Structures are given as C-alpha cells and as structure tokens.
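Hello,

Here is the structure I promised to pass on to you. Have a look at it first, and then read on for my notes on what was found in it.

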Amino acid sequence: MARAPMTVRICYLYPRLLSVAGDRGNLLALIRRCSWRGIRYSVTEADVGEVPDFAHADLILVHGGQDREMTAAARDLAAKAGALRDAVEADAVVLAVCAGYQLLGHYYDPPDGPRLQGLGVLDAVTEGGPTRFIGHVALKCDLGSGNQHQLVGFENHSGRTYLGSGAKPLGQVLGGAGNNGEDGTEGARYREVYATYLHGPVLPKNAWLADHLLSRALAHRYQDFGPLAPLPDLAEEQAHVASLRLARRPAGRWRAAAAALSQIGRTLAAPAATGPDL
Amino acid sequence: MRTIASRSPGSSLAGKAHVTPSGQARLALALGAGKAAATASRVLRFGGGTSFPGSVARRMDPRILQKVGAATDVRKVIVTGSNGKTTTCRMLAALARASGLMVTQNRSGSNLLQGVISAAVRGMDLRGRMHAQLLLLEVDEATVRLVTPDLQPETLLITNIFRDQLDRFGELYSIARGLEAVVDTLPATATVVLNGDDPLVASLATRTAARLVYFGIQADSSATQAPEHAADSIRCVRCQHLLTYRAVHLSHLGDYQCPECGNARPGLDVAVTAILPSPDAGFDIIVETPAGTFPLQVPLPGLHNVYNAAAALAGVMASVQRPPEPAEARRAISGLRPAFGRLEEIRAGERKVVLAFVKNPTAYNTTLFEVLRRPGLKHVLAAHSNTVVDGEDFAWLWDVELEQLTPQLASLVISGTRAEEVALRFKYAGARPADLQVLHDRSTALHAALTQTQPGESLYIFAGYTPMRELRSIMQRRGWVASPWEE
C-alpha cells in the first residue's frame, strides 16, 4: 500500500515587513524543491500582530529588513517569543537571514537609536558599525556532519555580530567579511537554527542547504523519513560556481584596474562590425 | 513662479567678481581639454563621449561645476530619483523647447558626476558661455549631493524613491536621508518639485527654505487595490505605522494616509485628474495646474509615464518664466518617442526587437506587465551584468514577477556576466530547464534569440544598463538603429 505523501509545514514570518532583498526566493526554493519531489507543503504567513501556531511548524523563515522595519519586528517579536523558543528547543528548523539573524540573538545596538532586544535563541550579540560590509561571500561549512560544503551569497550589513560559547558559526569565510570582518566566522547555528547574513537569496544557489533544511524539517515531523530524492540541479550548480568565483576574486582595486585596461584594449582592437549576419 | 532675467545671449563668466582671470584661464583649459576628449573618444569609438570628457575637464579644473553654477544667465534644473529620470527629462526638455527655450542636457543614463560635467562641457564655449537658456541634468540619486551644492540649481525635481541598487547605497532610508540633506541646503530662491504620491519623497522637505511644488495623481480610474509585494516604504515615515491607501497607482505611490499620526499625502499643486488609456498604448490625461488645465496625450505605455508627464509639467512651470500653452504642451508631449531602451522598438529586418531597460524590481514589473498585455507568446532575451553601473547584487530579481512571464514564453535566451543568476531565477519562476539557454557573449545571444524569432514576430529584450547598451550597439553596427547620441 502506497503511503500518504509527506507534508512539510512552513511558517513564514513577517512576509511584508522583513522582505527587502529578494529573500522571498528562499521560500520559493523550498516549495519548488518539495513540488519537484512530490512532497506537499503548507505555508502560514505571520506578520505583525499575528501569532502563528509554532508547535505545528516544521520550518520557520525570518528574513532581512532595514533598521526601521527591524525595530517594528523587534517590538512585535516579544509577543511571539515564548512559543518560538519552545519550537526551537523542540528542534523545529529555523532559517534566519540578516535582520532575522540579528533578532534571534540577545540584542542589536543600532548606530543611532536605542538597543533592540532580541529573542536570545542564539548566543550572539550585534553592534552597529560605522561602515557596511557589501559584497560577495563564500564560506566553507560542515554543519557538524563532517561533509564539507560551500555556501555562497551576497552580504550587505553594518551590524557586527559576535558569537558566545552557546552558538557555533555556520561556517568559515573564504571570501567576504562574515559576522564582523574580524574573526573569520559567518552566521550561527544552534540545534536546528541556521542563521546567516547571506542574501542572494541564499537557498536557490545553495541547493544543498535548501535540501538540508527540508530533510531536517521532515525528520522533525516523520520518524521514518528517508533521504530526499536527488534533483537535476544544473542551473543551481552553475549559479553556485559563478557566485563562488565572484566571492574569491582578487581585491577590488586590482580588479577595477584590470577591467579598465582590458576595456581599453578591446575598444582599440574592436573591428567595425562583428557577429554573424541574419 | 520666478522669472528668467532677460539677457544678451552668451554673457561671459569672466565678468563675475568671484571668477578670477586665472580661474577663467583654468576653466578655458578644462573646457578645451574636455572638448578634445569628447572628439577623441568619438573618433576612437569608446562610447560616444558620455563621461570621459567630464573626467578630463574635472582633472584640469576641479572647481568646474562651481563655475557652471556661478553662471546666472542659465537656469539649472536637476532631476533625480530612482525611476523615470530619463523620460521626465525628455518630457521637460520638450516642454521647455515648446516655450521657446534652448536646452542643454546630459545624455541618457549618463548621470554620474563625470556625465554631468560632460554635459556642461558640451554646452559651453571655451569662455564658459552657455549656449542654452536651460541646463537640464539627470543626476543619479547618490551623486546629487556632490553636484547640487556646486551647481546651485534653481529647480530640483525628485521623481520617486524605489529600492534600486541597494548594494551601492546601503539602504532605502539612507538614500532618503541623503536627498533630504540636499533639499535642506537649498535657498528660498530655489524650487523643489516633489512626487506627493510617494510617502518617502513627500517627507523630504520639512526643513528647507525652498519653495515646494507637489505633483501626483488625483484620479481613481486606474487605482489598484493593494501595494504589490515589491512595494517599498509602505510604513509611515513619522511613526512607522502601516499606511492606508485610498488609491494605489504604482507600487507604493498613491493617495496615502497614516491612521496613527495623521500624516497624509500633501495637497497636489500639479494633479492628474483623469486618466484614459488611449488606443495606441499610451494615455489621454488631464492635468490641473496653477497655470490652467492641460489635456495631454502621453504616447508612452505604462502608468509610470503618467507620473513622468506630471513631473515634467510641474518641473517646467517651476523653471521657466512663460510655461507652454496647453496646446503647445500637448504637441510637445504627444510627439515623444520612448527613450533609449524604454520599450524602444527596433526594426531588425523582418523581425522587431523591443528593448526594455530594467534595473530594479519596480521598473522591471512595470515594464513586464506592459509586455504581458500584448497578445501571443513572447520570445525573450534576458541579460544582466555586474558592473559599476549595474551593481553586484541581483537578489532583487527574485522580487520580479517572472512567474507571470514563464507561461507566455516562446523562447528564452539568457546573457550577460551574471547569466547564471538570471537562469536560476527563471528556473524557479517556472521556465523548463531545457529552455534555459545561457550564452554569455551578447552578440551570440542576440543572434540565437533572433534565429528563434520568426519573421513578423517580436523579440523582447529585458536587460540591465550595460548589457542593454552592448546589445543596442550591436544593432547599431548592423544599421538597425541610430546611436543614442545622434537621435
């Protein structure tokens, strides 16, 4: 007898408030990768003033926003805090990006304005810095499994995050600034919470992480859950490799000089008309 | 409304006390070098001289913009904002010419510091005399704070603030803070023209001494229900409560109010009171202004062009002594063709190429919906590159409603230095993996896309600034289209 199809229950926090850098693509990556495998999904959205049933969520998403939106989210999160903490301790999977990451820590001190209290789920604190870290990032991470993976994306943050002993970094920076530009760490993890500064959005071009989150979410719900069926991920892999190349290229100044020289060379050498005729 | 002093044409800067003879000589040197650079770059075929002359001239005379600003015999108008700068400038120039003025402008999209100086270099003779009576500059929203204090414009027009190239500017609100600081420095003799329907733009002028003019849409006919999910700044600027809209026209632009603190859309000085789609893809609109009622025919598709027309009309009224009569204005606006890459139609032999310049989610969605309204399946070439102009971060592509395009795809070719990123987005938007043809080389990509387009059909190109210029110059070399600076 065929068993009933599995369902993963996704809770998407602040879809309107914290939605600035295409991060809704993370949700899209998860639900498409479910559909392609015949796994069912449900998505519950919870904005300001709505407290979802976290006990029934397998996978919780919380994304980035600008300081103004983050302040509103921090205020609202207090009402959601208890149930969300319980879900984390019960090994629900959480992906937190950028401001979402900062809000899961103990606090965030913005450069201008009062301290924002976080949830304290992650043993991490964030301080506003004078400059922004903007650019491509690559990390190496093993998530404690011994399997080496690379994670690629784009960071854009002025907050400097420092981890305490209760949180492990998500990975070590290969290119880019990471948590604070000093200690070579990026992101944080605790139980099944995965927090990062990486946009891109991060899941489509890191299909391995999307699948890791999905399989942990299914394991949260189904004891007898086996490995996920592999997918043809050619476009994902090509985008991953392209981003990796961007994150690991030499420093900006040399890059700009080389680009300018090759542009001049091309311009002087270009024939009057190129390309096939139609 | 202020007036333009009558003057003899081409009075020189040398007569002004604060430009010394050595300063004048330096300026002449800078202008001469800039003009030589412009000629050299055209002869050597590097890009038609849109920014190189400016960088040469500035090297020779770092104070060149201040000296242009000191020229009292020319009115200076700066147009800035996220979207609509180029089209607003084209409309404003047409309206100013309709009222009998000569206009000097910077070239389409060439709106960083060097491009602005290049325009000034081109418009002046070696003694620093401006031929035109109106110097109209499209200026990038981050560059405007470098240009405005030196140039001292009589009019500053802000079209809107959308999320655009966040990796370059950091955050939406820091763009707003930067613009607000610029607006604050303007004297009482200047006029600031603001989009009243944009809550962020309307909030910029709380402290300035300058005269304020608000434009916007007062008509309900085109209103949609709720802001799209790419919408920005839908929280109250003062108290951060969610804004409510009586009407939303485009993204977060509309008739808004804050239920918490009472902050609301300001009264409009230049208001579009009626919008009727016209049969040929544009709009017939009625604009009420202090100088009378203007029935205009906007020949460009997309509601954003209604905003551009209102902005241009408000801008011309703030800047010229005798604004055009309604009939002159109507003739000027109805005669416009789409700007470079704004759904520009190009004949490619038996095929047609429609060029759409897309640089942020709002601009992309607006253009996309316009294309989706057209019947039939679409052949598409999508191209994005990471450059200084186009930025490095393409996360915003995930806020574009490409899910609505994929069911209408006849063929798809993807190009540019970030082609893999674009291909991935199309895959998750529902394009079949077998249809994702990545061809990095722009010329090869254009050839492949046109090969799949049958005679009589159209190829739609959605591209960022740099790949669009590259694709357009390939078409130029084939003789399908003139160079943008020859039009």
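**A cysteine in a loop of chain B**

B:Cys236 sits in the loop of chain B that runs between β6 (211-217) and β7 (244-250); helices (H or I, at least four residues) and strands (E, at least two) are DSSP runs, numbered from the N terminus. Please keep in mind that this is a predicted model, in which local features need pLDDT of at least 70 and side-chain atom pairs count only at pLDDT 80 or more, while totals for chains, interfaces and linings use all residues. Residues are numbered from 1 along each chain as its sequence is written, and chains are lettered from A and ligands numbered from 1 in the order in which they are written.

Is B:Cys236 buried or exposed? B:Cys236 counts as buried because it has 23 C-beta neighbours inside 10 Å. The cut-offs are these: a residue is buried if 20 or more other C-beta atoms lie within 10 Å of its own, exposed if 12 or fewer, and partly exposed in between, with C-beta atoms placed from the backbone. Leaving aside residues up to four places away in sequence, B:Cys236 touches B:His241, B:Leu243, B:Cys258, B:Glu260, B:Cys261 and B:Asn263; two residues are in contact if their C-beta atoms, placed from the backbone, lie within 7 Å. B:Val201 is 35 residues from B:Cys236 in sequence, and their C-alpha atoms are 12 Å apart in space.

**The two chains**

Chain B has 15 helices and 17 strands, and 55% of its 487 residues are buried. Of the contacts in chain B with a separation of 6 or more, 70% are between residues 24 or more positions apart.

Chain A has seven helices and 12 strands, and buried residues make up 45% of its 278 residues. In chain A, 72% of the contacts between residues at least 6 apart in sequence join residues at least 24 apart.

**Where helices meet**

One helix pair brings the chains together: the axes of α6 (residues 234-248) of chain A and α13 (residues 419-428) of chain B come within 8 Å and cross at roughly 150°. Axes are lines fitted to C-alpha atoms, for helices over the stretch in contact, and angles run from 0 to 180 degrees between N-to-C directions. That angle is why α6(A) is roughly antiparallel to α13(B); angles under 35 degrees count as roughly parallel, over 145 as roughly antiparallel, 65 to 115 as roughly perpendicular and the rest as oblique. On the α6(A) side the contact is made by A:Ala235, A:Glu236, A:Gln238, A:Ala239 and A:Ala242, and on the α13(B) side by B:Glu420, B:Glu421, B:Ala423, B:Leu424 and B:Lys427.

Within chain B, helix α4 (residues 85-98) packs with helix α11 (residues 326-334) at an angle of about 140°, their axes 9 Å apart. α4(B) and α11(B) are therefore oblique to each other. Here B:Met91, B:Ala94, B:Leu95, B:Arg97 and B:Ala98 of α4(B) meet B:Glu328, B:Ala329, B:Arg331, B:Ala332 and B:Ile333 of α11(B).

Helix α5 (residues 113-123) of chain B is mostly covered, with 10 of its 11 residues buried. Among them are B:Val116, B:Ile117 and B:Arg122.

**Backbone details in the loops**

A cis peptide bond joins A:Gly200 and A:Pro201, with omega about -10°. A:Pro201 is in the loop between β12 (193-196) and α4 (202-205) of chain A.

A:Arg191 is not a glycine, yet it has a positive phi of about 50°. You will find A:Arg191 in the loop between β11 (188-190) and β12 of chain A, and it counts as partly exposed because it has 14 C-beta neighbours inside 10 Å. In chain B, B:Gln152 has a positive phi near 50°. B:Gln152 is in the loop between α6 (144-151) and β4 (155-158) of chain B and is partly exposed, with 19 other C-beta atoms within 10 Å.

Enjoy exploring it!
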